[in-house]
Amino acid sequence: MAACYLDCNATTLMAAPALAAHAAWCNRGDPSGAHAGGREARQMMDEFRAAVAAECGFELGPRGYAVVYTSGAAESNSHIVTGAVRGYMAKTRRLPHVVTSAADHGTLLACAGRLAAEGLCQLTVLPVGRAGPGLGAVAPADLEAALRPNTCLVTVVAANHETGVLNDLRALAAVARRARVPFHTDAAQLVGRLPLRAAERGVDAFSVSFHKLGGPPGVGLLVLRRSLVDGYGLPALVAGAQNGGLRGGAENLPGIGAAFAAFRLAAEGRAEKAARVGRLRDIAKAALAASLPCFPLDDHEPAPAPSIDGGITPPPAPDRAGTAEARRAVRRAEDGGPPAVFWLAPADGGGRVLPNTLLLAVRRPGFSAEAARAALERRGV
């Protein structure tokens with residue numbers, strides 16, 4: 001085991017309460033059973049749903065939101081994208097259009113891209129870097145320009161897993177709401193670290209993975225407004241009676257119990273923990289910046305964002321930006337000057353980035369990420 005684990009945006013190590021809960025919920029009854037064991041399991045899962053509603057700021061019920069247990073955010077993302085496309089097509093008999101961003105998770109982009117490649121939808125992938133710090137945020141104006149009469153879903157990630165940049169969910173959801181288009185966000189990096197306040201921000205649906213906050217892999221949520229389910233007739237990816245018919249199959253009871261324990265642990269003193277971790281991040285950032293030639297990513301020229309057009313003209317690429325000094329430093333490094341140039345992202349947190357995330361990018365001819373990782377591993381990182 002490494003002495004210093006720095007891969008928490010990929011997955012966290014399971015917390016002790018989650019491990020204990022996982023063992024405690026093994027060898028229990030089927031949650032769908034009418035017996036006492038089944039009733040106990042359903043009660044626990046309903047308590048979990050209520051805890052998520054309280055923490056994430058929404059109400060359960062026919063006029064509120066539904067909470068669906070899934071295998072993780074990847075499945076939840078696929079469910080909402082595929083369901084919105086199929087539901088829109090079935091209801092309107094028109095080819096649907098989906099809008100997402102270049103900073104979204106690869107699983108969501110792969111799902112939407114596959115549907116577009118199969119001719120089942122049109123897809124616009126918005127560029128990033130024109131709003132907010134670093135290379136991660138989507139500009140609401142770009143979203144507004146991308147919307148079309150046949151847009152069936154807007155899905156923009158809450159927080160990028162590499163840069164930590166937070167999107168302005170309230171502003172983006174407001175654009176979608178004015179156009180009467182559902183708004184979904186992949187909140188896997190956000191939930192448990194910062195408040196989501198889904199209803200207040202106008203978020204119609206969001207995805208969660210509990211292995212991002214000390215829980216087990218293979219357990220997640222899709223939370224969505226009941227009106228979205230009823231309006232689209234949202235089909236289930238897995239047929240069955242469980243989860244109100246929205247996701248069939250026997251629930252992963254030990255995993256859900258462990259995820260509940262991890263979620264409660266993450267919610268305890270969340271604001272204080274976020275502030276403490278943010279201070280540690282800033283200390284590390286200052287120490288690195290004091291000894292390395294660092295430039296913030298929002299001072300560097302952004303890479304052009306990919307876009308899958310599908311017959312729709314996407315917003316124009318962002319203007320090339322970057323300070324003259326940052327560009328000169330890059331050229332010096334590439335011409336055999338300083339041995340490397342580093343960028344720290346973002347330049348100014350200001351509550352616009354995850355408290356636990358610091359991106360350090362290295363640009364050097366011949367630099368090997370694999371060699372750097374092996375060197376860190378030899379030092380226990």
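This is a predicted model: local features need pLDDT of at least 70, side-chain atom pairs count only at pLDDT 80 or more; totals for chains, interfaces and linings use all residues.

Me: Where does phenylalanine 263 sit?
Reply: Phenylalanine 263 is in helix α9, which covers residues 253-267.

Me: Is phenylalanine 263 buried or exposed?
Reply: Buried, because its relative accessible area is 3% and the cut-off for buried is under 20%.

Me: And which residues does phenylalanine 263 touch?
Reply: Leaving out residues up to four places away in sequence, phenylalanine 263 touches Phe48, Ala51, Val52, Glu55, Val191, Phe210 and Leu213. Take Glu55 from that list: phenylalanine 263 and glutamate 55 are 208 residues apart in sequence, with their C-alphas 9.6 Å apart.

Me: OK, switching to charges. How many salt bridges does the structure hold?
Reply: Ten. One of them pairs glutamate 75 with arginine 247, with the closest N and O atoms 2.7 Å apart.

Me: What does the pair of glutamate 75 and arginine 247 tie together?
Reply: Parts that are 172 residues apart in sequence, because glutamate 75 lies in helix α3 (residues 73-92) while arginine 247 is in the loop between α8 and α9. Both glutamate 75 and arginine 247 are buried.

Me: What about aspartate 282, which residue is its salt bridge partner?
Reply: Arginine 281, at 3.1 Å between the closest N and O atoms. Arginine 281 is buried at 15% relative accessible area, whereas aspartate 282 is partly exposed at 38%.

Me: Which residues are linked in a network of salt bridges?
Reply: Arg170, Arg197 and Glu200. Within it, the side chains of arginine 197 and glutamate 200 meet at 3.6 Å, N to O, and arginine 197 is partly exposed at 30% relative accessibility.

Key
Residues are numbered from 1 along each chain as its sequence is written. Side-chain values use heavy atoms; hydrogens and water are left out. Helices (H or I, at least four residues) and strands (E, at least two) are DSSP runs, numbered from the N terminus. Buried means under 20% relative accessible area, exposed over 50%, partly exposed in between (1.4 Å probe, protein chains only). Contact means heavy atoms within 4.5 Å. A salt bridge is a side-chain nitrogen of Lys or Arg within 4 Å of a carboxyl oxygen of Asp or Glu.
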